[in-house]
Amino acid sequence: MKTATILFAIGLICVALGAGLFQFVIIGLLGLGLLAIAFLVLFAAGIVTFCVSNTTMGLRKLVGGMFYLSGVFLLLASAAYMSALGYAAAMSSQRSTGDSSGWLWLYPLVFSILAALIIIVALRYGTKWPPKRCYLWGASAFGTMPAALILFWLFSTFLPLTA
């Protein structure tokens, strides 16, 4: 399981970095590439976890793998949406207009919680991992959203937002 753990950690780091860089002018292409790499690495982690290892049999692997894949898609989508909201807030502060509504920030929060819960359920159902390990990976999946937003705000101090 060390391979799956390393791939999952690399994938989550790539999600946070890719979403943090996604909205910038030229560096955003690097962020887009990192999001694609994150998907591939998280997909490979799912293959190693649910297909290669002999943790569970048959239908449990399939259902766990499908839940995991849907959690990864939701994680990537909510990371990109969180980055877009950070960009909108940064642009509204530069233009001295009203900032984005507080309700808009609720959507990626709910989606990131849902993605973390789906990943927890997938790991609990499709593998024989201990519950603590599944919960910690779900918490780290949830932690990619605030990490991406913090990285965006840190990068926005010296990277250009517009061309």
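## A pair within helix α2

Phe 39 and Phe 43 are four residues apart in helix α2 (residues 27-52), so about one helical turn separates them. The model is a predicted one. Phe 39 and Phe 43 form a stacked aromatic pair. Their ring centres are 5.9 Å apart, with 25 degrees between the planes.

How accessible are these two side chains? Phe 39 counts as partly exposed, at 22% relative accessibility. Phe 43 is also partly exposed, with a relative accessible area of 37%.

## Aromatic pairs and a cluster

The count of aromatic pairs comes to seven. One of them joins Phe 8 and Trp 137. Their ring centres lie 4.7 Å apart and their planes meet at 80 degrees, so this pair is edge-to-face. Phe 8 belongs to helix α1 and Trp 137 to helix α5 (residues 131-155), so the pair ties together parts that are 129 residues apart in sequence.

Are Phe 8 and Trp 137 buried or exposed? Phe 8 is buried, at 6% relative accessibility. Trp 137 is buried as well, with a relative accessible area of 14%. Phe 8 and Trp 137 also belong to one aromatic cluster, together with Phe 50 and Tyr 68.

## Helix α1

Helix α1 spans residues 2-21, which makes 20 residues. From its first C-alpha to its last it reaches 29 Å. That is close to the 28 Å expected at 1.5 Å a residue. Several residues of α1 are buried, including Ala 4, Phe 8, Gly 11, Leu 12 and Cys 14. Val 15, Ala 16, Gly 18, Ala 19, Gly 20 and Leu 21 are buried too.

## Charges over rings

Two arginines sit over aromatic rings. Arg 60 lies over the face of Tyr 125, at 4.4 Å from the ring centre. Arg 133 lies over the face of Trp 129, at 4.0 Å from the ring centre.

## A nonpolar surface patch

Which helix gives the most to the nonpolar patch? Helix α4 (residues 106-126) does, with eight residues.

Leu 117 is found in helix α4. Its relative accessibility is 46%, so Leu 117 counts as partly exposed. Leu 117 and Ala 141 are 24 residues apart in sequence. In space, their C-alpha atoms are 9.2 Å apart.

Methods. Residues are numbered from 1 along each chain as its sequence is written. This is a predicted model: local features need pLDDT of at least 70, side-chain atom pairs count only at pLDDT 80 or more; totals for chains, interfaces and linings use all residues. Side-chain values use heavy atoms; hydrogens and water are left out. Helices (H or I, at least four residues) and strands (E, at least two) are DSSP runs, numbered from the N terminus. Buried means under 20% relative accessible area, exposed over 50%, partly exposed in between (1.4 Å probe, protein chains only). The expected span of a helix is 1.5 Å times one less than its number of residues. Rings of Phe, Tyr and Trp (its six-membered ring) pair if their centres lie within 6.5 Å; planes under 30 degrees apart count as stacked, over 60 as edge-to-face and the rest as tilted. A charge sits over a ring if NZ of Lys or CZ of Arg is within 6 Å of the ring centre and within 35 degrees of the ring normal.
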